[in-house]
There are 4 protein chains.
Amino acid sequence: MLRPTQSETGKDRDRIVNLSDGVFAIAITLLVLDIRVPNLPENDVASQLPGALLSPWPKYLGYILSFVGISAFWTIHHSIFRHIRSYDRTLLYLNFLFLMVVAFLPFPTALLGEYGDHQLPVVIYAATLALGRLLLTAIHWHSMRNDRLLDEPQDPAVMRFYLIRGLTIAAIFLLSIVISFFSASLAIVMWCALLLADAIVLYRRSH
Amino acid sequence: MLRPTQSETGKDRDRIVNLSDGVFAIAITLLVLDIRVPNLPENDVASQLPGALLSPWPKYLGYILSFVGISAFWTIHHSIFRHIRSYDRTLLYLNFLFLMVVAFLPFPTALLGEYGDHQLPVVIYAATLALGRLLLTAIHWHSMRNDRLLDEPQDPAVMRFYLIRGLTIAAIFLLSIVISFFSASLAIVMWCALLLADAIVLYRRSH
Amino acid sequence: MLRPTQSETGKDRDRIVNLSDGVFAIAITLLVLDIRVPNLPENDVASQLPGALLSPWPKYLGYILSFVGISAFWTIHHSIFRHIRSYDRTLLYLNFLFLMVVAFLPFPTALLGEYGDHQLPVVIYAATLALGRLLLTAIHWHSMRNDRLLDEPQDPAVMRFYLIRGLTIAAIFLLSIVISFFSASLAIVMWCALLLADAIVLYRRSH
Amino acid sequence: MLRPTQSETGKDRDRIVNLSDGVFAIAITLLVLDIRVPNLPENDVASQLPGALLSPWPKYLGYILSFVGISAFWTIHHSIFRHIRSYDRTLLYLNFLFLMVVAFLPFPTALLGEYGDHQLPVVIYAATLALGRLLLTAIHWHSMRNDRLLDEPQDPAVMRFYLIRGLTIAAIFLLSIVISFFSASLAIVMWCALLLADAIVLYRRSH
């Protein structure tokens, strides 16, 4: 019987990681293409350039927000894959779905930068980040339940911590969709608080 | 006599793989640049944004289709190169031709997203995917026929399975060109079914 | 007690380096997208193309300047990370902040290429390069003060040389902001002289 | 005395190669962004799309030409660096200059695709390729003259072959500038013949 994928569960998870890092690096760097140089007549540059640079401030906010969001995705992806020794098809497919969300993020970011005071872009952005987080948690969950994918069995307490953290953060992003029905700005403030809180929690755990 | 390429058949196939992964990662991430933020007057955003986001749905479909198509290319490329230990000029040239097709794919995707209800973009898209599949199969075929390129001789049954699979899928893409003369949509549905079926077959083989 | 990050201070700093190199490579290559092909009516191409290619010379200058600036960032990043064996959260966050500056650089470059004879773009560009340099120096400072991050303790004299060099160069970029109040061109000439002087100093130290 | 660069001549040339591969992969993939989807009114798509896709054929030619040109650069860069064990500042600076030319190539390509029947774009394109080839030959020459950069001394006959080949090809590109004064098309045909001949020569040497 043919079992070509038998050997695919070897130790070459490196190419998956490399491809993922390529997608992370490009998505994070393409974000800046959405910040455009204003087009002003030569005589008005001196007087109008400061205003023309400040008025699209939601685009700068979107740049920082998505940069931090993708950085957080990368950090989690990194801490998941550093324990993974091999992979199976499920892991491969879940990772591609996750990368599809990461590569898609520049679009919701651009939408938010253009129409951030409206509800729909806020909903789309929150849903994209929540979906990315759920897929990462699914990758984590799948890898932890299959010991042969890991270099050593995981501590169940650590497993539970990451699982709860992933689901909680996805849930808060989904909750922000409800909040956006009342105020789009409040939902955005909520994301910033969330990303900041998560970064601080991880920082303190390491000290 | 000079034989500078003698030593090139060493074990440094890694840079070819890295370059290929770079092209895969970039092509897969550039796809999103084709989904543009609609340009609406401020007063009409609330009422028209939902429609303006939904109407270019062929672009979203094209994004997903090409993402899955490139992912499938990557997965096959990965399973071919994991057995390759060294390379010769033929392998190098075939791989560059294949990368040229991968890097070109964002254009047929954009064409399909804009004019997907017409026949010509469907033909160009199907021909691009078929050509990519044929080049991958040629890379596979060439590497399997030259034992010195592989780390160990391949099982002839596995060889035959992959060869038939590659040619079959390329043939189905070419067949969809014939079908596009009757219905462009039917050809697109056919690709989706094909990519799904192939993913399922590979998934089940690994269990 | 849970200490998942304990093991994160292992030897896998490689993915941070790979992600950083991806961002460097993309930022450096996106710069060219800002140099646009002029749009001329067919009859005027022969007579007007030379002028249309020469008139946006500040864009070529910006391309070279930012290419050299990012190359200098890469060279310093490289010489810092070659001594780093592991990482902690602080290093990770500082590196992401630094990458955010690198990935942002194409925007100030485009602004400078369009309005380089005005003061504001010069200020923004100088501030971006100074910030990047300060973050690199902070990464260096942090890694040198934590012996467990390094593969071997650093010579204090070397530490002091790099620290002073980083702060001096950042200070000169900030000084150029003051100079830009008198002359935007003089500030730009100052950057070129600075990057050249730094390259020569490093070159001579290695001989 | 401080000699921080002493240790930089260690074996970590890998990051230079990785950065270079990133630039190669991105430059090669950005080329497709220059091929634009035509903008046609819905009623005229069926009748005008074939013509609108065929008329910018110089862009397709430019895509293939630059793809082959960058592939050739990569192949030579690869065969140079596979013998390099460490690096010095000269090698680093030469490599950055070379990467600046590679990253710049999408612009001459776009120019050629738009105004390929005029002389100036042909001159700029030929000069860019010749400059890239000269820089590669300089990298090769420098590395071969410094035995400590190589893992083993090179055969002088091989050295001479590559040096002559590099200079000859650069000279032929410069010669095509002279020819472009008589016919732009003839110069382009000359490049195609040259790239093809070089690929065949290398192919035959390896058999």
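This is a predicted model: local features need pLDDT of at least 70, side-chain atom pairs count only at pLDDT 80 or more; totals for chains, interfaces and linings use all residues.
Residues are numbered from 1 along each chain as its sequence is written, chains are lettered from A and ligands numbered from 1 in the order in which they are written, and side-chain values use heavy atoms, with hydrogens and water left out.

What does B:Glu114 form with B:Lys59? The two form a salt bridge, with their closest N and O atoms 3.5 Å apart; by the rule, a side-chain nitrogen of Lys or Arg must lie within 4 Å of a carboxyl oxygen of Asp or Glu. B:Glu114 lies in helix H5 (residues 106-115) of chain B and B:Lys59 in helix H3 of chain B, so the pair ties together parts that are 55 residues apart in sequence. The helices here are DSSP runs (H or I, at least four residues), numbered from the N terminus. B:Glu114, at 39% relative accessibility, counts as partly exposed.

Helix H3 of chain B, residues 57-81, also holds B:Ser71, which is buried at a relative accessible area of 8%. A polar atom of the B:Ser71 side chain lies 2.7 Å from the backbone oxygen of B:Phe67. Leaving aside residues up to four places away in sequence, B:Ser71 touches A:Phe96 and B:Ile28, where contact means heavy atoms within 4.5 Å.

Let me turn to the interfaces between chains. Chain A and chain B bury about 3,700 Å² between them, 69% of it on carbon and sulfur atoms; this buried area is the accessible area (1.4 Å probe) that two parts lose on being put together, summed over both. That contact takes 38 residues from chain A and 48 residues from chain B. One salt bridge is found across this interface, and in it the side chains of B:Asp21 and A:Arg15 meet at 2.6 Å, N to O.

On its other contact, with chain C, chain A gives 48 residues and chain C gives 38 residues, and the buried area is about 3,700 Å². Here the side chains of A:Asp21 and C:Arg15 meet in a salt bridge at 2.7 Å, N to O. The elements that give two or more residues to the side of chain A that touches chain C are H1, helix H2 (45-54), helix H3 (57-81), helix H7 (156-180) and helix H8 (184-205) of chain A. H3(A) gives the most, with twelve residues.

Which chains do not touch chain A or one another? No contact joins chain B and chain C, whose closest C-alpha atoms lie 9 Å apart, and chain A and chain D do not touch, with their nearest C-alpha atoms 9 Å apart.

Finally, chain D. D:Arg15 forms a salt bridge with C:Asp21, the closest N and O atoms being 2.7 Å apart, and this pair crosses between chains, from helix H1 of chain D to helix H1 (residues 14-30) of chain C. D:Arg15 is buried at 9%, and C:Asp21 is buried at 4%. H1(D) is mostly covered, with 15 of its 17 residues buried.

Technical notes: Buried means under 20% relative accessible area, exposed over 50%, partly exposed in between (1.4 Å probe, protein chains only). A polar contact is a pair of N or O atoms within 3.5 Å; within protein, one must be able to donate a hydrogen and the other to accept it, and residues adjacent in sequence count only if both atoms are side-chain atoms.
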